Amino acid sequence: MTVTSVAQKWVSEAAGMTQPSRVVWCDGSKTEYDGLIEAMLADGTLLPLNQKTYPNCYLHRSHPSDVARTEQLTFICTREKDGAGPTNNWIAPVEAKATAGALLRASMRGRTMYVIPYLMGPAGSPMSRVGLMVTDSAYVVASMHLMTRVGQVAFQHMRRDDDFIAGIHSLGDLSPDRRLILHFPEEQLIWSVGSGYGGNALLGKKCHALRIASWQARQEGWLAEHMLIIGVEDPEGRVTYLAAAMPSASGKTNLSMAVSPLPGWRVWTVGDDIAWMWVDASGQLRAVNPGRGFFGVAPNTSPKTNPNATSMVRSNTIFTNVALTGSDEPWWEGLSPAPPGGLTDWQGRPWKPANGPAAHPNSRFTVLAQQCPSIAPNWEEPQGVPISGVIFGSRRTGVVPLVFEAFDWSHGVFLGSAMSTETTAAITAKVGVVRRDPMAMIPFCGYNMADYFGHWLATGSRLKTPPRIFRINWFRRDAEGRFLWPGYGENVRVLKWMVERIRGTGRAEETPIGWVPASGAIDIGGIDVTPTRLGEALRCHGGEWLQTLDELSEFNKQFGDRLPRPITESLAVTRRRFGG
């Protein structure tokens, strides 16, 4: 493998600090992956699942204190505090390195340091970027094999000798008291110590592809977003591509793999979590999925909610913190109507309902994207796919209608900036608490979010025909607490209306917040949704919105004069439309 002198020097420095017993450069081969699996089965890091029903599938159990992203221990370490902004945790780089350096020093003593050169993005794409990470976790190496493109392909895409995001990861002693996830965007550097959990340890995922890449994207004029990418095919065979930002565990993976109930309509999966988007020479917004695999939330994934996902994880998958049946098959809440007998919970104990869920609420599966039955034939197209619509969606019991369309690009950016969601188990927080999550990027934006809004607004001015922007909420409930919309595959009915709006045929009515589907514009034939119930799901209630706008005003105050004027103006105009 050809290695640049800069990369070699950096790895030598990382080894000098962490002091591993040996250094292994990863080549990304199947032989290497199989060897990692075999070694982890031997030392108990992985448990084999039923190889007849789940061939080449394995279970990993995390330390009970290491089961989710730890946002309170995740920092953006810019030289100036304002560079990170008020929504990020910040530590000065010198202080961060001093604190984490003490934890990383000799942390790999007696362990192997694996060096992982990896490529984010399709081979041959002008948007693909290179990472080089070191880790002492074989589980991380195997997972990076599934999540990224590992090996020589990375060095082949370097634009210069130092063109890589450098990442150091060590398990340390897995103590939450000695756990830090640090990002140094000005140095294109990531340090992570004390966690073996996905987003904290798979540095190509959120750390590189969002936090560092969002900074890099602003510098280079593109967008790194927490978004799925789908192609919606109509009965005539035309495919319309949409990108959608939704917080973790709010239906993003399900939407990315939705099975259409409408004859002739189909959803193609390009990506389920992250999109890198740019404006091409003709003024068209294009997008690639920088990942190679899926790191999906297992609970509530079932043949009913996501048949494509349940099918794709039946082979060649690493499960994390799911339960185990008596026949050594993975199980989680929602997979079947009732739990089978003889379950072992995610901590390896005989399951008792009194002990809580059998699978951890944030349990995961890691699998190659190519195994998804709905994967688009062009999902690795180097030039990406043309984006005609952008969706912002979140989990809200009230306030936000099922779907509506922004008046224009600037208004759509305002709607994205106004997003709030109800928390889930994917983050360390109380479940069901409403928190602000602009563009689903509050945990992932690597710089001042006011500047991030400005970057979105500026991108619109470079687009020949800006994509239409939509806001969705599958989770609105009635007065009795029942969901007003069935969700899952039926969401394709809403996507159909979006496609019709993009093509100029979808009917809509103007409201103070945007264009809402007109009566009869969404096909509800054959489902248990009455026109009255759909009308309630689409209702725009002035009192709720005025209260929400007041809360948004308070949130925006933290940005001061840095907040772009179009955001402030859109908020004021919306309030006036409601008579506020």
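What you're looking at is a predicted model, in which local features need pLDDT of at least 70 and side-chain atom pairs count only at pLDDT 80 or more, while totals for chains, interfaces and linings use all residues. Residues are numbered from 1 along each chain as its sequence is written, and side-chain values use heavy atoms, with hydrogens and water left out.

Let's start with the overall build. The chain has 16 helices and 28 strands, counted as DSSP runs (H or I, at least four residues, for helices; E, at least two, for strands) and numbered from the N terminus. Its C-alpha trace spans about 65 × 55 × 45 Å along the principal axes.

Take contacts (heavy atoms within 4.5 Å) between residues at least 6 apart in sequence: 73% of them join residues at least 24 apart.

Now zoom in on Leu262, in the loop between helix H9 (252-256) and strand E14 (266-271). Leu262 counts as buried because its relative accessibility is 8%. Leaving aside residues up to four places away in sequence, Leu262 touches Val492, Arg493, Lys496 and Asp523. As for Thr397, 135 residues from Leu262 along the chain, the two C-alpha atoms are separated by 27 Å.

Key
Buried means under 20% relative accessible area, exposed over 50%, partly exposed in between (1.4 Å probe, protein chains only).
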